[in-house]
Amino acid sequence: MAVGSAGVVRRLRQVLPADRVIDDRATLIPYQYDASFWSLRQRRMPQAVIVPETVADVVAAVRVASETGVPIVPRGAGTGQTGGAIAPEGGVVVSFARMRRVVEVDRRNLQAIVEPGLVYLDLQNVLAERGLFFPPDPGSGRACTIGGMAANNASGPHAVRWGTTSAYVLGAEVVLADASVITTGGVRSKALKSSSGIDLTKLFVGSEGTLGIFTKLRLRVQPRPPARAVILAGYARLEDTVASLDDLFEAGILPSTAELLDRSAVEAIQLWRPELGLPDGEAVLLIEVEGTPDQVGASVRFTDGIVRRRATVSRFAEDEKEIQRLWAARSGMAAATALAHPGKHRIFAGEDLAVPLTEIPRTVRAAREIGEQLRIAVIFYGHFGDGNVHTAILIDPEDADEVQRADELADRLHKLAIEVGGTVTGEHGTGAVRAQYMRAEHGDALDVMKRIKDLMDPKGILNPGKLYGS
Ligand SMILES: Cc1cc2nc3c(=O)[nH]c(=O)nc-3n(C[C@H](O)[C@H](O)[C@H](O)COP(=O)(O)OP(=O)(O)OC[C@H]3O[C@@H](n4cnc5c(N)ncnc54)[C@H](O)[C@@H]3O)c2cc1C
């Protein structure tokens, strides 16, 4: 039974305390947006936002959505780049801003139980006090939530060695579309691995709030390596970076990171932080090694020796201050892009290609060419070690012609990723903006995804308009 906005809000107020239901238009405005360019243009307003404090609040809201047939959309910090946390068809947004507790850190069992609204950096700070860390490391870590990371299967530079969020979610408490609550990964389990039953945790991780809503997450955490060092290597040609990494693999070395700065990124960073003295050439890699201080001292020298075979320039930092200075250059990409293209704004569209390592040079070259044809500035960087190429598209959003060309660019980049044997998204997710590519990427497997969705959410209330293309 469909009911109007007023009816939905009235029902929410009947089942939730007044301070947990927001429906005044001014306060709803921020919920029209996430970081995607798509949300800037859609501006879809939810009918209400609820801010639960307990799982019972979430259950009550889902029950109202189920009874009234209105969409219900979970939201962490809204840093997503795909419109995932937006309600394009209206409905109720569930903001996890008040469910951000660390329920438990169990170092001896290498796990932590947290609420989904916990900000990534806050978790890392709590873990650091106990000598632990949570390996996935998104660049948005100061803001994004663990729930958003699990929903999108987020990751970052260290995924090369440590993997993505999916590898670190051991279990979850999930509210389903019919308002029932299940615990995946074993109701009482604190095991670090299991081969019992179908792995439902994996099904929910990466499903972007379309199959269920996380209200608790049991996370695998790791002992924090006590030392690290970073090699900064410059290469004459992109192909040399692939060969260099392969040299490391051949020598039995898997670094913790191998971050790529294409020459477009190096030029931008040079404008912003010239004192870093980044090398000339077509590409720079930031290669990190971790371990005990002794191991790191030996390993960075050994690794550097191999890197020098292909790099035109190589130097390394063992001092934590210098390491942080090098990483700051990488995380300052946003400031750097603004300096390199004054008057242009970076938009998040077509920004997250992941391709086989060996295809990175071809992909970057083809993407550069498409950018030139369409007269759009693009800066390339990314998590080279796992093939994740980020494309920073810079435009004047007020220029309708340029916006149209940027749309074409994003479309062609997505198609390029599939063509070279990659994926349209390495870590940011599908959301509303990439649903149209799911058929081309997944073929008939998409039909199975849709059947799972229909089974678990027959009324289609959980985050509709996302993920499942045509
Ligand atoms: C500057 C910048 C840098 C970034 N760098 C990275 C990066 O390095 N790596 C990376 O992976 N991503 C990156 N991102 C993208 C984004 O930060 C991640 O996708 C992040 O995981 C989103 O978290 P969030 O809390 O903001 O989620 P939101 O944007 O609020 O939501 C994202 C998705 O999660 C769903 N969701 C949220 N909470 C729940 C819940 N409790 N249950 C079920 N579903 C839920 C939402 O419905 C939505 O589909 C970056 C974004 C920005 C703006």
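# A guided tour of the model

Start by selecting β6 and β10, two strands that pair in the antiparallel sense over 4 bridges. Strands here are DSSP runs of E with at least two residues, helices are runs of H or I with at least four residues, and both are numbered from the N terminus. Two strands pair if DSSP finds at least two bridges between them. Before going on, note that this is a predicted model: local features need pLDDT of at least 70, side-chain atom pairs count only at pLDDT 80 or more, and totals for chains, interfaces and linings use all residues. Residues are numbered from 1 along each chain as its sequence is written.

**Stop 1**

Next, bring in the helices. Touching, or contact, means that the C-beta atoms of two residues, placed from the backbone, lie within 7 Å.

Zoom in on the hairpin of β5 and β6. Strand β5 (residues 102-106) and strand β6 (residues 111-114) run antiparallel and are joined by 4 bridges. Asp106 has Gln111 in β6 as its bridge partner. Between the strands lie 4 residues, and in this hairpin Leu110 takes a positive phi near 50°.

Then select Arg218, which is in strand β10. Is Arg218 buried or exposed? With 24 C-beta neighbours inside 10 Å, Arg218 counts as buried. The cut-offs are 20 or more other C-beta atoms within 10 Å for buried, 12 or fewer for exposed, and partly exposed in between, with C-beta atoms placed from the backbone. Leaving out residues up to four places away in sequence, Arg218 touches Gln111, Ile113, Leu170, Gly171, Ala172 and Gly185.

**Stop 1: a mixed sheet**

Move on to 4 strands that form an open sheet in the order β1-β2-β4-β3, where the pairing is mixed. β1 (21-22) and β3 stand at the edges with a single partner strand each, so one side of each has no neighbour in the sheet. Strand β2 (residues 48-50) and strand β4 (residues 92-95) pair in the parallel sense over 3 bridges. Find Val49 and you will see it opposite Val93 in β4.

Two helices belong in this view. Helix α1 (residues 5-15) lies across β1, β2 and β4, running at about 20° to β2. Helix α4 (residues 55-68) lies across β2, β3 and β4, at about 170° to β4.

Now pick Ile50. Not counting residues up to four places away in sequence, Ile50 touches Leu12, Leu16, Arg20, Val21, Ala61, Val92 and Val94.

**Stop 2: β12 and its partners**

Select strand β12 (residues 227-235): 8 of its 9 residues are buried, so this strand is largely enclosed by the rest of the structure. β12 and β14 run antiparallel, joined by 9 bridges. β12 also pairs with strand β15 (residues 313-317), in the antiparallel sense over 5 bridges. Click on Ala233: its bridge partner in β14 is Leu285, and Ala233 stands opposite Ser314 in β15.

In strand β14 (residues 283-291), highlight Glu288. Glu288 counts as buried, with 26 C-beta neighbours inside 10 Å. Among the residues that Glu288 touches are Arg228 and Val230.

**Last stop: around the ligand**

Which element gives the most to the shell around the ligand? α6 does, with 5 residues. Of the 37 residues around the ligand, Gly76, Gly80, Gly84, Gly148 and Gly209 come nearest; a residue is near a molecule or strand if its C-beta atom, placed from the backbone, lies within 6 Å of it.

Notes
Axes fitted to C-alpha atoms, helices over the stretch in contact; angles between N-to-C directions.
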